[in-house]
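Please keep the sequence and the model open while reading them.

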Amino acid sequence: MPLTLYELAGADPDLRFSPYCWRIRMALVHKGLEFETVPWLFTEKHRLEPSGQGRVPVLVDGDTWIHDSWTIARYLEETYPDSPNLFGCDIGRGITHFFKFWSETVLYPAVARLIVSDIHDCLDEKDKGYFRQSREQRYGKRLEEVTADRDARLPAFHDLLTPLRKTLHEQSFLCGESPGFGDYIVFSAFQWARCCSTFELLSPEDEVAEWRERISGLFGGMAGKATRVATSN
């Protein structure tokens, strides 16, 4: 029986854009595991009751419901040890903690401030009210005001990526010569933006953009073929 992954979806149910869900989608294909996906909306928390909480990603493996992307990744490693490893070793798992916390506290918030109004526009009508209210409360202003000056802020965002750029100048992936879960955590921020916004975060010649394309081409181009808001009509 394949695993089941609940993922956040937009008005188009094929539009899956959550960076936390993309981490796990990439982890599943990395490990070569069969899985099916289920679209989920912010306002459908009741559908996740067996997991004991109301956020995605949620992975269902038989009678077991697992939530939280880091917990899911650990579960996959422990439950399917014969499939390709996500971390490489205990040291690799420890280093991946840095990618996780840097992404969640620095990279993801920076990306969100550049695309948050676009995220709202791609949502199902049932989710738009919740999203606008919760995010405008967070930012203290209208979503459109948050992204109004994003062109002017883009150079500062590029500077934020300097450690990634220097790392990728020395090696093909953040985790070395082959990708690991740390790559997928960081990549998911850029996949989030590409799926739900037409605002381009990276110039094509940027080494980070080249790495993004390498990740997009893995596993038969799964991430590269994902539905994007610009092509979802």
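1. I begin with D68, which counts as partly exposed at 34% relative accessibility. Here buried means under 20% relative accessible area, exposed means over 50%, and partly exposed is in between, with a 1.4 Å probe and protein chains only. D68 lies in the loop between β4 and α2 (69–79). Its phi is near 80°, a positive value in a residue other than glycine.

2. A word on the source. This is a predicted model, in which local features need pLDDT of at least 70, side-chain atom pairs count only at pLDDT 80 or more, and totals for chains, interfaces and linings use all residues. Residues are numbered from 1 along each chain as its sequence is written, and side-chain values use heavy atoms, with hydrogens and water left out.

3. The secondary structure comes to nine helices and four strands. Helices (H or I, at least four residues) and strands (E, at least two) are DSSP runs, numbered from the N terminus. Along the sequence their order is β-α-β-β-β-α-α-α-α-α-α-α-α. The radius of gyration is 17 Å, close to the 17 Å that the globule rule gives for 233 residues, so the protein is as compact as a globular protein of that length. That radius is taken over C-alpha atoms, and the rule is 2.2 Å times the number of residues to the power 0.38. The C-alpha atoms fill a box of roughly 50 × 45 × 30 Å along the principal axes.

4. Of the 233 residues, 54% are buried. Among contacts with a separation of 6 or more, 67% are between residues 24 or more positions apart; contact means heavy atoms within 4.5 Å.

5. How do β3 and β4 pair? Strand β3 (residues 58–61) and strand β4 (residues 64–67) are antiparallel, over four bridges; two strands pair if DSSP finds at least two bridges between them. L59 stands opposite I66 in β4. The two strands form a hairpin with two residues between them, and G62 in the turn has a positive phi of about 65°.

6. The loop between β2 (35–40) and β3 holds G52 and also P57. G52 is exposed, at 67% relative accessible area. The peptide bond from V56 to P57 is cis, with omega near 10°. G52 and G221 are 169 residues apart in sequence, and their C-alpha atoms are 34 Å apart in space.

7. Is R194 buried or exposed? R194 has a relative accessible area of 18%, so this residue is buried. R194 belongs to helix α8 (residues 181–196). Leaving aside neighbours within four places in sequence, R194 is in contact with R212, E213, S216 and R228.

8. F219 also has a positive phi, near 55°, in a residue other than glycine. This residue lies in helix α9 (residues 207–221). F219 is partly exposed, with a relative accessible area of 33%.

9. Last, the charges. The protein has 27 positive and 35 negative side chains, and the centres of the two sets lie 4 Å apart. Lys and Arg count as positive and Asp and Glu as negative, while His and the chain ends are not counted. The place of a charge is taken as NZ of Lys, CZ of Arg, CG of Asp or CD of Glu.
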